[in-house]
Amino acid sequence: MPTQLVGQDNHANDVRVKTVYSGDVMITYINHNITLEEFTQEMIAICRFTPDQVFTMKWVDEEGDPCTISTQLELDEALRLYELNRDSELTVHGKS
């Protein structure tokens with residue numbers, strides 16, 4: 001079940017993720033130590049992708065540039081910069 005359905009008060013230490021897909025904007029919260037597999041499953045649930053649907057995930061950096069998330073290293077870098085810049089949320093775009 002996607003975590004965006006859980007009450008916001010439970011997420012004081014989590015990363016707020018704004019997911020944009022097909023014209024919809026959804027908010028969810030993820031743990032700082034999330035794995036790529038867990039993150040991918042979260043995006044599948046939020047965007048309502050089918051389990052076998054091929055899609056890409058990109059986060060938007062501080063300069064507004066899209067950066068692909070396809071490896072654990074790329075996800076870790078997005079989360080590191082989120083923390084470093086003390087951003088209010090991590091913006092992720094899904095595309096199928």
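This is a predicted model: local features need pLDDT of at least 70, side-chain atom pairs count only at pLDDT 80 or more; totals for chains, interfaces and linings use all residues.
The largest nonpolar core of the model comprises 24 residues, among which Phe39, Met57, Leu90 and Val92 have the most contacts inside the core. At least two core residues come from each of strand S1 (15–21), strand S2 (24–30), helix H1 (36–47), strand S3 (56–60), helix H2 (72–84) and strand S5, and the greatest contribution is that of H1, which gives six residues. In soluble globular proteins, nonpolar side chains tend to be buried together. For phenylalanine 39, when residues up to four places away in sequence are not counted, the residues touched are Ile30, Ile34, Met57, Ile69, Leu75 and Val92; two of these, Met57 and Val92, are also listed with Phe39 as having the most contacts inside the core.

The buried residues of H2 are Leu75, Ala78, Leu79, Leu81 and Tyr82. Because these residues cover an arc of only 160° around the axis, they are placed on the same side of H2, whereas Leu73 and Leu84 are exposed on the other side of the helix. The packing partners of the buried residues of H2 are S1, S2, H1, S3 and S5, and one of these buried residues, Leu75, is among the residues touched by phenylalanine 39. Just after H2, a positive phi of about 50° is taken by arginine 86.

Strand S5, which runs over residues 90–95, includes threonine 91. This threonine counts as buried because its relative accessibility is 16%, which is under the 20% limit applied to buried residues. Once neighbours within four places in sequence are left aside, threonine 91 is in contact with Lys18, Val20, Lys58, Trp59 and Val60.

The cysteines were considered separately, and a search of the whole structure finds zero disulfides. Cysteine 47 is buried, its relative accessible area being 7%, while cysteine 67, at 22%, is partly exposed. The two residues are therefore assigned to separate classes, since 7% for cysteine 47 lies under the 20% limit for burial, whereas cysteine 67, with 22%, is classed as partly exposed.

Note on methods. Residues are numbered from 1 along each chain as its sequence is written. Side-chain values use heavy atoms; hydrogens and water are left out. Helices (H or I, at least four residues) and strands (E, at least two) are DSSP runs, numbered from the N terminus. Buried means under 20% relative accessible area, exposed over 50%, partly exposed in between (1.4 Å probe, protein chains only). Contact means heavy atoms within 4.5 Å. A disulfide is a pair of cysteine sulfur atoms within 2.5 Å. A nonpolar core is a set of buried Ala, Val, Leu, Ile, Met, Phe, Trp, Tyr and Cys residues joined through side-chain atoms within 4.5 Å. The arc is that of the directions from the helix axis to the C-beta atoms.
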